[in-house]
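Welcome! Have the structure open while you work through these exercises, and try each task before you read its solution.

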Amino acid sequence: MESINAMNGYAEAKAATKKKKPWLSFSVLFILPSFILYTLFVIYPTLNSVNLSFTSWDGVSPQIKYIGFDNFIEMWNSERVHNALKNTLIMSVSLVLLENIVAIVLAMLVDQVRWFKNLFRSIFYFPVLLSGIVMGFVWAIIFNYNFGVISQLLERIGLGVFKIDWLGNPDYAMLAIIITTVWKGSGYYMIIYLAGLQGIPAELNEAAAIDGANRWQQFRHITFPLLAGAMTVSVMLSMIGALKIFDQIAVMTDGGPGFATETMTYIVYKVGFGELRQGYGTALSLVLFLLILIVSLIQVKLLRKREVQM
């Protein structure tokens, strides 16, 4: 009797599954248009870029000549690529550290404000809403040697001798881009850290204060460890953003002076579209993709390990 009931239950379940299949196939029709567009504009170009990286295509000619690993060999021996890789690493490390430090400080300040908290959030988040092009033009004017705000301020207070050609001096051009990017991006990561701070029970800091812990000790032993999850997300996003930085460099320095601010992302653009070497540019972009992938995986693994330890 039990076996008969089990068979009947199986038959009913199978019949119910068959009834759901038309609905399943019908739902696929809603996904299909997006999937086709995603395949045409993302998946196919990505796969095709691997093919183009082994060619000397100029991006215009209908003929595509395969040259094997010549692009990668040239890249390996290119001083320009080595310089772009060095600039990318310097800028990435600087931006990850500064953006996250500034974001944590801003988040803690906003979290402790009693009045107009939403106003301060909006003020610090506002730069994030600006496009990279607009922000680059604004800061290019601020850093201008002749009529920029910084130069004019130094002139007014009688310190014109200390004026710096921020965007024309190779020693300061990268610093100017880093300052600009930190100003724009810190507000975004502030929101992530602010969410993390609000998830920390207030009783922990209150108990630590009763035990005699000062503000720094509370931050070091309670707040900072419990921000591990927010830090994992923020550090990963800031690193990826730093590795593919483009807008600020394009508007403010165009990779110069000389090649002082040329990064991997920008050299891909300059080579592929400026010099009409799409094959070589695609090979560079493939290396950049692998670099971002490897750095991201290592970074997530280390930060996740820290979360578990905390």
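**Exercise 1. A pair of rings**

Task: Decide whether Phe54 is buried, partly exposed or exposed, and then describe how its ring sits against that of Phe69.

Solution. Let's start with accessibility.

- Step 1. Phe54 has a relative accessibility of 24%. Buried would require under 20%, and exposed over 50%, so Phe54 counts as partly exposed.
- Step 2. Phe69 reaches 56% relative accessibility, so this residue counts as exposed.
- Step 3. Keep in mind that you are looking at a predicted model. A search of the whole structure finds 14 aromatic pairs. Phe54 and Phe69 form one of them, with 5.2 Å from centre to centre and 85° between the planes.

**Exercise 2. A second pair of rings**

Task: Find out which kind of aromatic pair Phe219 and Phe224 form.

Solution. Use the angle again.

- Step 1. The ring centres of Phe219 and Phe224 are 5.9 Å apart, and the angle between the planes is 50°.
- Step 2. Stacked needs under 30 degrees and edge-to-face over 60, so this pair is tilted.
- Step 3. Phe219, at 16% relative accessibility, counts as buried, while Phe224, at 30%, is partly exposed.

**Exercise 3. Salt bridges**

Task: How many salt bridges does a search of the whole structure find, and which parts of the chain does the one between Arg277 and Glu74 link?

Solution. Begin with the total, then look at individual pairs.

- Step 1. The search finds five salt bridges.
- Step 2. In one of them, Arg277 meets Glu74, and the closest N and O atoms are 2.9 Å apart. Arg277 is in the loop between helix H12 (264-274) and helix H13 (278-309), while Glu74 is in helix H2 (residues 70-77); the two are 203 residues apart.
- Step 3. Check the exposure of both partners: Arg277 is partly exposed, at 27%, and Glu74 is partly exposed, at 32%.
- Step 4. Glu275 and Arg80 form another salt bridge, at 2.8 Å from N to O. The pair links the loop between H12 and H13, where Glu275 lies, with helix H3 (residues 79-112), which holds Arg80, 195 residues apart.
- Step 5. Asp254 and Lys270 also meet in a salt bridge, at 3.7 Å. Asp254 lies in the loop between helix H11 (247-252) and H12, and Lys270 in helix H12, so the pair ties together parts that are 16 residues apart in sequence.
- Step 6. Finally, look for shared partners: salt bridges join Arg80, Glu262 and Glu275 into one network.

**Exercise 4. One face of a helix**

Task: Which residues of helix H5 (residues 132-142) are buried, and why can we say that they line one face?

Solution. List the residues, then look down the axis.

- Step 1. The buried residues are Gly132, Met135, Gly136, Trp139 and Ala140.
- Step 2. Seen down the axis of H5, they fall within an arc of 135°, so they line one face of the helix.
- Step 3. These buried residues pack against helix H7 (173-198) and H11.
- Step 4. Trp139 also belongs to an aromatic cluster, together with Phe143, Trp166, Tyr172 and Trp183.

**Exercise 5. The nonpolar cores**

- Step 1. The largest nonpolar core has 33 residues, and Val81, Tyr193 and Leu284 have the most contacts inside it.
- Step 2. H3, H7, helix H10 (228-243), H12 and H13 each give two or more residues to this core.
- Step 3. H3 provides the largest share, eight residues.
- Step 4. Leaving aside neighbours within four places in sequence, Val81 is in contact with Met75, Met264, Ile267, Tyr280 and Leu284.
- Step 5. Apart from this core lies another, of 18 residues, including Phe143, Ile245, Met252 and Tyr266.

**Exercise 6. A charge over a ring**

Task: Where does the charged end of Lys163 sit?

Solution. Look for the ring of Tyr145: the charged end of Lys163 sits over it, 4.6 Å from the ring centre.

How values were computed:
Residues are numbered from 1 along each chain as its sequence is written. This is a predicted model: local features need pLDDT of at least 70, side-chain atom pairs count only at pLDDT 80 or more; totals for chains, interfaces and linings use all residues. Side-chain values use heavy atoms; hydrogens and water are left out. A salt bridge is a side-chain nitrogen of Lys or Arg within 4 Å of a carboxyl oxygen of Asp or Glu. Helices (H or I, at least four residues) and strands (E, at least two) are DSSP runs, numbered from the N terminus. Buried means under 20% relative accessible area, exposed over 50%, partly exposed in between (1.4 Å probe, protein chains only). The arc is that of the directions from the helix axis to the C-beta atoms. Contact means heavy atoms within 4.5 Å. A nonpolar core is a set of buried Ala, Val, Leu, Ile, Met, Phe, Trp, Tyr and Cys residues joined through side-chain atoms within 4.5 Å. Rings of Phe, Tyr and Trp (its six-membered ring) pair if their centres lie within 6.5 Å; planes under 30 degrees apart count as stacked, over 60 as edge-to-face and the rest as tilted. A charge sits over a ring if NZ of Lys or CZ of Arg is within 6 Å of the ring centre and within 35 degrees of the ring normal.
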